[in-house]
Amino acid sequence: MSSPSTLRKRQLTADGAESAPVAGELDIASCATIAFTSEDPAHPVEHLLDGSSGPGATRWASARADTIEQILVEFDKPQILSRLVYEVEEATRERTQEVRVEVSEDGGRTYRQILVQEYNFSPAGATFQREQQRLNLRQASHLRLTIVPNKSGSGIATLTSFRLFA
């Protein structure tokens, strides 16, 4: 009988990158509740946190066209946040999507805007954007994303990935 292997091993993603989180990355699923206004059952909010990123990755998408949507990260306890990274992709329609990020440090009673960014998508041109924002938050209790899918054109609110770092 052969004994169990003592080989230390880990699986790489298809592109050869490690699937392990980057140093300082928060495991959002274990330290927060995610509230949302809508999700397409084929593209649930879990896809934001599944580690898949880049063009063609899984994504969260609203179930409603041309509707402003919100995703709210409600932390179990206040968090130090130094960086926010998210991705947006639209390969089929020409439109402008706006993403606003706000933070609360008082349990969700008040919010302060920390980012507003517009993304212009065109199937013949730009279809993917990655945003990285430095933060200096010491007691973040809530982080709210507001997604306006149709600043120009028509479409569905969508985000590909969402990561936070301490």
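**View 1. The charged end of R83 sits over the ring of F165.** The distance to the ring centre is 3.9 Å. A charge counts as sitting over a ring if NZ of Lys or CZ of Arg is within 6 Å of the ring centre and within 35 degrees of the ring normal. This is a predicted model, in which local features need pLDDT of at least 70 and side-chain atom pairs count only at pLDDT 80 or more, while totals for chains, interfaces and linings use all residues. Residues are numbered from 1 along each chain as its sequence is written, and side-chain values use heavy atoms, with hydrogens and water left out.

View 2. Strands (E, at least two residues) and helices (H or I, at least four) are DSSP runs numbered from the N terminus.

**View 3. E87 and R130 meet in a salt bridge through their side chains.** The N to O distance is 3.6 Å. E87 lies in strand β3 (residues 69-89) and R130 in strand β6 (residues 128-152), so the pair ties together parts 43 residues apart in sequence. E87 is buried, at 5% relative accessible area, whereas R130 is partly exposed, at 45%. Buried means under 20% relative accessible area, exposed over 50%, and partly exposed in between (1.4 Å probe, protein chains only).

**View 4. E98, R100, E118 and K151 are linked in a network of salt bridges.** K151 belongs to strand β6 and E118 to strand β5 (residues 112-121), 33 residues apart. The structure holds nine salt bridges.

**View 5. Ring pairs link Y86, Y119 and F121 into a cluster.** Rings of Phe, Tyr and Trp (its six-membered ring) pair if their centres lie within 6.5 Å; planes under 30 degrees apart count as stacked, over 60 as edge-to-face and the rest as tilted. Y86 and Y119 are edge-to-face, 6.2 Å centre to centre with 85 degrees between the planes. The centres of Y119 and F121 are 6.5 Å apart and their planes at 25 degrees, so this pair is stacked. Y86 is buried, with a relative accessible area of 1%, and both Y119 and F121 are buried.

Technical notes:
A salt bridge is a side-chain nitrogen of Lys or Arg within 4 Å of a carboxyl oxygen of Asp or Glu.
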